[in-house]
Structures are given as structure tokens and as C-alpha cells.
Amino acid sequence: MIDIQLIEECRGGNFNNFRKLVVLTSPLAYSVAFRMLGDEDRAKDVVQETMVTIWQKLKKIKTAEVYKTWIYRIVINKCYDEMRRRKRNPEFVTDDQTWGLISNKISEDPSEDLENKETAKIIRVLTEKLSAKQKAVFVLSDLEGMSNDEISEITGIAKTAVKANLYHARKSISEKVKIYI
Amino acid sequence: MIPENEKYDKVLNLLRKSTPQLDSSTEIEREVIRRIQKQNRLEVNLSGAFDFLFGWIYIGWVRRSLIAASIVLVLIFTYQQGVILKRIDSLSKQTIVTGKESALTPSSEIEKLLTNYINSGRVFPSKTITITESQMKELLESVNELQIKYKDLENIIEADPELKKLIENKLLEKNKTKINL
């Protein structure tokens, strides 16, 4: 949980407190970026860019209460940029090994967590056919556990469009699961 | 055999549970701080260069001197404009003769014609003169009028042989020249 007092102090230009804010905010930003991009290094780059943008524009947000929504919005937009860049140099990630890995993991002990690299592979395989918006809506809703209202506020997509994108994303992923597992 | 929906839910649970771990948060913090400080240094350098180049404009007496100089320049400009306009106005009233300009400003058309005649016949050997269209028209009209009067006079003399003879004698006596009418 990020302290509102800390955000207010950072808004006042306190650089030392901003270091604390970076430490507290980075995991949140990293989680979304990683799940959106399915790549550790790119997610870290996005987190760095996000934190620099936060420092530059922190004074512009109206209240500290909207901070969390605001950082998610920045992360999502940075991810869109990164995906656009990646679109020019696409990587084909679908492979039988990954599907085998998913199959094994869901059959094994469900309490066992995945490593980052494994998670990245699974996310890439499952979401490679989704559009950027569908990916964002899926990650925020099904992986980050946000409501449709929150997603609409973060992404700037209308609530009905959020629902439609989520429906298509789920459909696409469940079809893949059905075929390969 | 796992049902399809259950498979999908298991995959999702697996992904939800496996929250991406940011193992290098201090590295990200360091990198973010480095980037922000680099930007700040760049801004400071730019503002320093700007101050060095244009800082002198903030010195009080320099500012006042510049204001005074600009006022003086505006006044000189206005005065010069006045002089030029006055000169143009006086030139437009003058009769321009090739080679020299006359400062006379004749009040009537006859005076103008006389002036032109004097100028072209006596003062200026080039015998060229610049006159207006209306002046030329007036000159032609007066020539026509003179020709008509001359014709009438000729008819009168022709009609009266005694008068003709008398005039011829008078002219012979006076000028010792013969005039054939």
C-alpha cells in the first residue's frame, strides 16, 4: 500500500522520498508490464520509463488518491508503445514445449508457483493473437483483478468496449487452451 | 480428463498465483534516479548557457538604456517619415522639366504654359519639357483656335483687295520683307 503522505511529499519535489516511492511503485508497474509484454527485460525498461514519467508529471495529478490509477494508465500506455515497437520486429513464440509446460503445471501441485521465465512464456503463448486493447483488458481484469469501471478509467475504453474486449480475449485464450492442452 | 472450462480456470489461476517477481528493484531505482539526475543536469546546463548568453538583459541599467534607445529610434523613425512625406507632397506640386526641376508653382494654366514656354525656349537648350496631358490638350485647343482665327483673317483680307494691298505695303515698309498671303 502506497502512503498518500509520501505521494504528497514527492509532489512537493522531495527527491529522497521519491526513491521510496520508486521502490514501492516498481513492483506494481512491473507486474502489469510483465503480464502485458511477457518479457522480463522489456517490462523492466517500461518500469524505468514509467518512473521517470511519474517524477516529471507527479505535480500535474490533482490528488494523491488517483495515484494508483494514474500509474497503471502510464504503464499501459508505455506497454502500448513497446508493443508497437515490437510489432515491427515480431517474434514467433508458439512452441510445443510451452504447451507441454502449461499442461504439466496445471496437472501438478497447484500450490507450486511458476518462475518468471515460465510465466513469461505462457503469457506470450496465450496472448500472442490478442490485440493490444484485448491484452490490456485481460491482464487488468483476469490477472490483476480489477473491475470493469477501474479498467475503463485506466485504459480510457468505454465500459461496454471493455466487456467486449474481455469477452474476445477470454474466448481466444480458452480456444487455445482447448486445442493445445 | 479435465473439462475445458476447468482447464482454462486452472491456467488463469496459475498465472494469477505466479505474480511476477521484480528481483532487481534496487537496480531499477538506481537507473531511474540516474536518468532523472541526467535530465536535471541537462536542464541546468541549458539554463546556465541561456543565462550566460542573455542574462545581461536582466541588469537594471542595461534594460533602462535599451528602453531609452528604442524610444529614441522610434522618434527618429517617426520624424524621418514626416520629412519624407512632406518632401513627396512638395515634389508632387512641382513642374518637372528634364534635366532640372522648377520650384515654381504656377497659379493658372496660362501661367503654366508660359512657364513651360520660357523654360523650353530660353533656359533649356535641350528643348524638351514634361507637361501634363491636360496642359497638352489646352495647348492644342489654343493652336486650333489660332488657326481658325488666322483663316478668318485671311478670308477677310482676300475679300478686300484694297485692304490686302494696304497691309502688303505696310509690311514692306516696316520689315522690308515680302509676305505672300
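Two residues are in contact if their C-beta atoms, placed from the backbone, lie within 7 Å. This is a predicted model: local features need pLDDT of at least 70, side-chain atom pairs count only at pLDDT 80 or more, and totals for chains, interfaces and linings use all residues. Residues are numbered from 1 along each chain as its sequence is written, and chains are lettered from A, with ligands numbered from 1, in the order in which they are written.

**Exercise 1.** List what Val75(A) touches, not counting residues up to four places away in sequence.

**Exercise 2.** Find how α8(A) and α9(A) are oriented to each other.

Solution. Helices are DSSP runs (H or I, at least four residues), numbered from the N terminus. Take α8 (148-155) and α9 (159-180) of chain A. Their axes (lines fitted to C-alpha atoms over the stretch in contact) give angles from 0 to 180 degrees between N-to-C directions. The axes come within 9 Å and cross at roughly 105°. The two helices are therefore roughly perpendicular (65 to 115 degrees). From α8(A), Asn148(A), Asp149(A), Ile151(A) and Ser152(A) make the contact; from α9(A), Lys159(A), Val162(A) and Lys163(A).

**Exercise 3.** Describe the side of chain B that touches chain A.

Solution. Count first: 24 residues come from chain B and 32 residues from chain A. Next, assign elements: α1 (4-17) and α2 (25-54) of chain B each give two or more residues. α1(B) gives the most, with 11 residues.

Methods
Angles under 35 degrees count as roughly parallel, over 145 as roughly antiparallel, 65 to 115 as roughly perpendicular and the rest as oblique.
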